[in-house]
Amino acid sequence: MEKVYVVGVGMTKFEKPGRREGWDYPQMAKESGTKALDDANLSYEAIDQAYVGYVYGESTAGQRAVYELGMTGLPVVNVNNNCSTGSTALYLAAQAIRGGLADCTLALGFEKMQPGSLTSSYDDREQPMMKHLLALAELYEFAMPPAPYMFGAAGREHMDRYGSTREHFAKIGYKNHKHSVNNPYAQFQTEYTLEDIANSPTIYDPLTKLQCSPTSDGSGAAILASERFVDEHELGGRAVEIVGQAMVTDLHDTFDGTAAGLVGKHMSRAAADKVYAQAGITADDVDVIELHDCFSTNELLTYEALGLCGEGEGAKLIDNEDTTYGGRWVVNPSGGLISKGHPLGATGLAQCAELTWQLRGTADKRQVAGARVGLQHNIGLGGAVVVTAYRRTP
């Protein structure tokens, strides 16, 4: 199997929906895609295939988006996989290179969202999450909106089973907002006190507003290349290798009678195990992590799913400050979804961009000292999770 390298990344600033007047998805895609091409010092004509992700949009919006970069007749695949859409595009773009079908591919994601909580587009057919919601309603009384209800219920379950507290979850929100102060791409760049986090409006106990990711507009892009392409174009000095990658969808144990299973914890663990085996690493070898903190409760669950600690021990990492600067890992140096923002189709590619900058040593004030191995986790319910491991080239 061919090696896969990230050779160029780019993203827009993530914005509150509608804040930038006249900023439609073609303009978003042009901005992120042009930045990625410039980063790789390549023209659009070098791209063999493109995989373009978005959740809210019409069919073939991916073509309309990349036509802002060029019209070369290359295959364009539209991707929609809920909140893991961006990393699914990344996975497919990498798979084409890994299988020897292409030498240079583009993964691009964007989202133009409506303000407020997520809504469904159709009401005349079964919702993809209905099976999950019905199962969760047997454990915790149903509440609206569904996303904070699901992840909040998983947080309550963790509190009941393992003794984590509301303060532990609030500390995750505090950490990620603090990290985002140094990220010019983040939707929020305000540092809050722990009291601010805990006392912001309750969305679904234990989640408060400042522990929930916002709706956002924005785009991200990554250009991937084979080893041969990297050598021919003398890109080795900026290439970051993808050393492990896995996508996992729901397993039987998703419906094992736990809220954690229903929000994808078992999927995440299965994907992480595959990636560690592929890369020949363990969690202890990782320096920097971008994970899917759509809600603070999910960040804590994901600590355990990624093997940063044992089952039920996620709160200990928070108590020991193991997931911020000066700790064992730096988790979400970008500010994560909670503070950087969460334009669904772009999130996975923004995570890729952050880790690429970290491993190149070009993340400015966010830089994790000596970072050589990065881990990415991006999940969408319904469901799919993509985990990717990156290593800085010598």
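Reader: Which residue just after α3 takes a positive phi?

Author: Just after α3, G100 takes a positive phi of about 80°. Helices here are DSSP runs of H or I with at least four residues, numbered from the N terminus. This is a predicted model, in which local features need pLDDT of at least 70, side-chain atom pairs count only at pLDDT 80 or more, and totals for chains, interfaces and linings use all residues. Residues are numbered from 1 along each chain as its sequence is written, and side-chain values use heavy atoms, with hydrogens and water left out.

Reader: How do you know that the span of helix α3 agrees with its 14 residues?

Author: The expected span is 1.5 Å times one less than the number of residues. For residues 85-98 this gives 20 Å, and the end C-alpha atoms are 20 Å apart, so the two agree.

Reader: What makes S268 count as buried?

Author: Buried means under 20% relative accessible area, exposed over 50%, and partly exposed in between (1.4 Å probe, protein chains only). S268 has 2% relative accessibility, so S268 counts as buried. This residue lies in helix α10 (residues 265-279).

Reader: Why is C104 called buried?

Author: The relative accessibility of C104 is 0%, therefore C104 counts as buried.

Methods. Helix = DSSP H or I, 4+ residues; strand = E, 2+ residues; numbered from the N terminus.
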